[in-house]
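This briefing concerns the structure shown below. It takes up helices, salt bridges and a surface patch in turn.

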Amino acid sequence: MRLHDISLWLFASTLTLLPFLVAIKNGDVRLTNGTATYGRVELYNNGQWGTVCDDKWDMDDARVVCRQLGFRDTITAHGNALFGEGEGPIHISNVNCDGTESFLIECYSSLSDNCEHEDDASVTCLPFVYSEEGFVRLVGGNLTDGRVEIFFKGEWGTICDDTWDISDATVVCRQLGFTGAISAPRMAAFGEGKGPIHLDVLECSGSELTLLDCEYKQKRNCMHNEDAGVECFNYTGEGSVRLAGGHDLAGRVEIYKDNQWGTVCDDDWDVLDATVVCRQLGFKDAVSAPKKAAFGEGVGPIHIDSVKCLGDEESLLDCEYKRDADCTHNEDASATCRDVSYVSVGWIIIAILTLLLIVATTAGIFARVFIKANMNRLLRRIRNVSEDVPNTDDASLSSQPSGIPELRYPTIATFESADFKTTLGNLIMSRGSQTDSMLYTTIPGELILPKEEGAGSYENMAKCGNVEEKVYSNKIY
């Protein structure tokens, strides 16, 4: 037998024995029309391959499929035939796994009776190990967020957060199969990594397929306390939206419909329509609704036209719209979103001024209360002293010791008298020839009148100056 004949015989024998060497049994699953880690889910049942309906399809169901295939976990569960429509029977529907099953057929499910292949379910799985140049993974968080690590030059390492922003994070998230990035945490938000810091000063536009397609530097001056991280989000299929051609808060509006991404025509496009898009993406609302392909012209179909939203819809497809667009891509609609953490400078200034006003008003109230309380206390003290002074007509006071002048004590009425001369006469000493005269009051302290010959009379005292002003300067009302 010739060598050529022997080779043909071995090849035919291998083909004959292959079904017995690799036995396919009921309940086996596979991924098609994608890659080794993602694709349309197909189930082998009753001797043939078929698809799974996406009714109630969720992460727990996808997790069972991925682990059955030998992967670490699932990244996301897709619906609406994301990886194309399958052929043959749709074996099961309404799958309800708790995530701990070893095989998909162990989960509760029902026979498909109202599904079409446009409802085929898909998954994106998370491998145990990446070993190809440029692969990325998330560490220190969970399935959707964590510290970014990249396989570069034969080993895993981290990325320095210099110039790290949402565009760089978006590339990482899309490389992992997510829709995009929510944020780009810095300063080792998910813990410090180990090993080399491979890349620094990344400059991604957000449209690159892999992180190594971006501009970057390998020379670095970083430590692991500057490791970059990401927070990713995922779309759930039909009606998902994204912003393209701009940055994290603004861009051309694209919507996933009929199994492909497309744009929105700007006929009747306004800020209410843009607000629905922004809220669907997790932002607070929209600042503006640019038109005329403000962020560049898109590609593919223009899915919807003449959108009319009220602003409170949950998704853009909940709004009124037309399917048949008579637009071209130079009329692609866009949105500029306001971040949930946005606070205008004007409101900050108003808040500060309001706080200062409250503090000043409170301090003024306390000051007035304090002054009033102390003045009232002083007046009460004056009244008490006035009530305790001896009667000048008392016989006990008619005879004074030698050398001590006779004093006439004032009362509160003294200060309120309309006749100032009488008031002054009641306040001064009654020693006509006394050269040293003093004016006594019940107010703490003394008012000393200048020495003047014949100071005992009011007329002579008036010559010393504005006595009335001096007396009333000590008066407390």
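Helices (H or I, at least four residues) and strands (E, at least two) are DSSP runs, numbered from the N terminus. The model is predicted: local features need pLDDT of at least 70, side-chain atom pairs count only at pLDDT 80 or more, and totals for chains, interfaces and linings use all residues. Residues are numbered from 1 along each chain as its sequence is written, and side-chain values use heavy atoms, with hydrogens and water left out.

- Helix H5 spans residues 345–388 and contains Ile352.
- Ile352 is partly exposed, at a relative accessible area of 49%; buried means under 20% relative accessible area, exposed over 50%, and partly exposed in between (1.4 Å probe, protein chains only).
- Together with Ile349, Leu353 and Leu356, Ile352 forms a nonpolar surface patch of about 400 Å² accessible area.
- Patches are made of residues with over 30% relative accessible area and no salt bridge, with like charges joined within 9 Å and nonpolar side chains (Val, Leu, Ile, Met, Phe, Trp, Tyr) within 5 Å.
- Accessible areas come from the Shrake-Rupley method with a 1.4 Å probe, and for residues only the protein chains shown count as cover.

- The buried residues of H4 are Asp273, Ala274, Thr275, Val276, Val277 and Cys278.
- Their cover includes strands S15 (241–244), S16 (250–257), S18 (285–288), S19 (302–308) and S21 (334–338), where contact means heavy atoms within 4.5 Å.
- At the start of H4, a side-chain oxygen of Asp270 comes to within 3.1 Å of the backbone nitrogen of Leu272.
- Just after H4, Gly282 adopts a positive phi of about 95°.

- Asp273, in H4 (residues 271–280), is buried yet has no salt bridge, and the nearest side chain of opposite charge, Lys291, is 8.2 Å away.
- In counting charge, Lys and Arg are positive and Asp and Glu negative, while His and the chain ends are not counted.
- Beyond its neighbours within four places in sequence, Asp273 is in contact with Asp268, Val307, Lys308, Cys309 and Leu316.
- Arg279 also lies in H4 and is partly exposed, with a relative accessible area of 44%.
- With neighbours within four places in sequence set aside, Arg279 contacts Lys284, Asp285, Gly311 and Asp312.
- A polar atom of the Arg279 side chain lies 3.0 Å from the backbone oxygen of Gly311.

**Salt bridges**

- The whole structure holds 9 salt bridges, each a side-chain nitrogen of Lys or Arg within 4 Å of a carboxyl oxygen of Asp or Glu.
- One of them joins Glu42 and Arg30 at 2.9 Å, N to O; Glu42 is in strand S2 (residues 38–45) and Arg30 in strand S1 (residues 29–32), 12 residues apart.
- Glu42 is buried at 6% relative accessibility, whereas Arg30 is partly exposed at 33%.
- Arg30, Arg40 and Glu42 are linked in a network of salt bridges.
- Arg137 and Glu149 meet at 2.8 Å, N to O, in another salt bridge, which links strand S8 (residues 136–139) to strand S9 (residues 145–152).
- Arg137 is partly exposed, with a relative accessible area of 27%, and Glu149 is buried at 7%.
- Arg242 and Glu254 form a salt bridge of 2.8 Å, N to O, with Arg242 in strand S15 and Glu254 in strand S16.
- Arg242 is partly exposed at 21% relative accessible area, while Glu254 counts as buried at 7%.

Key: A polar contact is a pair of N or O atoms within 3.5 Å; within protein, one must be able to donate a hydrogen and the other to accept it, and residues adjacent in sequence count only if both atoms are side-chain atoms.
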